[in-house]
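Subject: A structure for you to look at

Hi,

Here is the structure I promised to pass on. Have a look at it first, and then read my notes below with the model open beside you.

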Amino acid sequence: MKKDICCIGHITKDKIVTPRQTVYMAGGTSFYFAYALNSLPKKVTFELATKLGADEMGVVEDMRKAGLDVRTWPSRHSVFFENIYGEDQNDRTQKVRAKADPFTVDEMEGLDANIFHLGSLLADDFSPEVVKYLSTKGRISIDAQGYLREVRGEDVYPIDWAGKRDILACTDIIKVNEHEMEVITGSTDPREAARQLADWGVKEVVVTLGSYGSLILSEGVFHEIPAYAPREIVDATGCGDTYSAGYLYCRSLGESFDEAGKFAAAMCTLKLEHSGPFDRCAAEVEAVMAK
């Protein structure tokens with residue numbers, strides 16, 4: 001059966017080091033996105049498609065027990081990230097201890113959805129051929145972060161997006177933060193960067209700006225979305241993925257850009273207050289929005 005949303009991405013093994021604690025857990029865009037979407041009312045149908053090593057299949061079984069529809073392909077290894085945060089949660093150092101195999105066109109053939117959300121973690125996760133193929137089956141939503149990460153040894157280096165013009169030409173929705181937008185477009189101005197991405201073919205451009213909120217550009221119109229202050233900041237890991245889940249959930253229900261952006265931002269606020277994926281309910285999100 002055709003799904004409203006299919007998220008494709010590797011599930012990772014994560015070591016998260018903060019000034020307060022060190023935590024070992026599963027992670028990755030697909031992991032945080034899937035659990036966030038699973039916490040919301042079941043008004044949107046969803047499938048997670050992932051690729052991981054045999055040793056990590058227990059994570060998938062836990063997700064299925066939680067009610068998630070998960071499709072898997074085998075990989076020689078799972079991605080293993082080490083994320084080290086300073087007092088400022090926007091300050092992150094990453095190491096990649098292991099990489100998973102890229103996704104292939106053949107693997108994509110059995111997927112059927114209105115929106116494909118590509119949760120790239122590293123630059124070679126999704127080739128232009130995979131993206132172009134999926135764009136013939138549904139709308140493409142991309143989290144740009146992984147396309148801008150190149151691994152040399154175990155270190156992660158920021159790079160420009162190889163083949164970005166080809167991929168962006170068939171991308172409907174993109175989410176970037178202030179650092180990613182500058183790498184991709186060369187601009188430090190969020191509006192200018194968003195316009196450039198739109199000129200390259202993206203229909204909905206979402207720029208997240210941390211505590212300054214977010215900006216959405218579609219059909220030449222900007223929508224300014226506020227940020228909601230958390231009670232405390234515990235762990236920023238997965239916040240961007242939580243935003244994407246809330247945004248695509250609302251857009252799939254036909255809600256406006258402003259409504260979708262505010263709901264997504266409120267979800268991020270709740271996510272910041274604890275380690276692990278988003279686990280609150282829609283009523284709690286709406287309560288944040290009402291403050």
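Let's start with Asp 62: its relative accessibility is 44%, so Asp 62 counts as partly exposed (buried means under 20% relative accessible area, exposed over 50%, partly exposed in between, with a 1.4 Å probe and protein chains only). Asp 62 sits in helix α2; helices (H or I, at least four residues) and strands (E, at least two) are DSSP runs, numbered from the N terminus. From Asp 62 to Val 105 there are 43 residues in sequence and 27 Å in space, C-alpha to C-alpha.

Before you go on, please note that this is a predicted model, in which local features need pLDDT of at least 70 and side-chain atom pairs count only at pLDDT 80 or more, while totals for chains, interfaces and linings use all residues. Residues are numbered from 1 along each chain as its sequence is written, and side-chain values use heavy atoms, with hydrogens and water left out.

Next, is Thr 237 buried or exposed? Thr 237 is buried, with a relative accessible area of 4%, and belongs to the loop between β15 (221-225) and α8. Its side chain makes a polar contact of 2.9 Å with the side chain of Tyr 85 (a pair of N or O atoms within 3.5 Å; within protein, one must be able to donate a hydrogen and the other to accept it, and residues adjacent in sequence count only if both atoms are side-chain atoms). Not counting residues up to four places away in sequence, Thr 237 touches Ile 16, Tyr 32, Tyr 85 and Lys 271, where contact means heavy atoms within 4.5 Å.

Tyr 32 is also one of the buried residues of α1. That helix is mostly covered, with 10 of its 10 residues buried.

Now for the inside. A nonpolar core is a set of buried Ala, Val, Leu, Ile, Met, Phe, Trp, Tyr and Cys residues joined through side-chain atoms within 4.5 Å. The largest one has 49 residues, and those touching the most other members are Phe 31, Phe 46, Met 63, Tyr 243 and Tyr 247. Among the elements giving two or more residues to this core are α1 (29-38), α2 (57-65) and α8, and α9 gives the most, with 9 residues. A second, separate core has 38 residues, including Phe 103 and Cys 170.

Finally, look at Tyr 243. Leaving aside neighbours within four places in sequence, its contacts include Lys 175, Val 206, Gly 261 and Cys 268.

Enjoy exploring!
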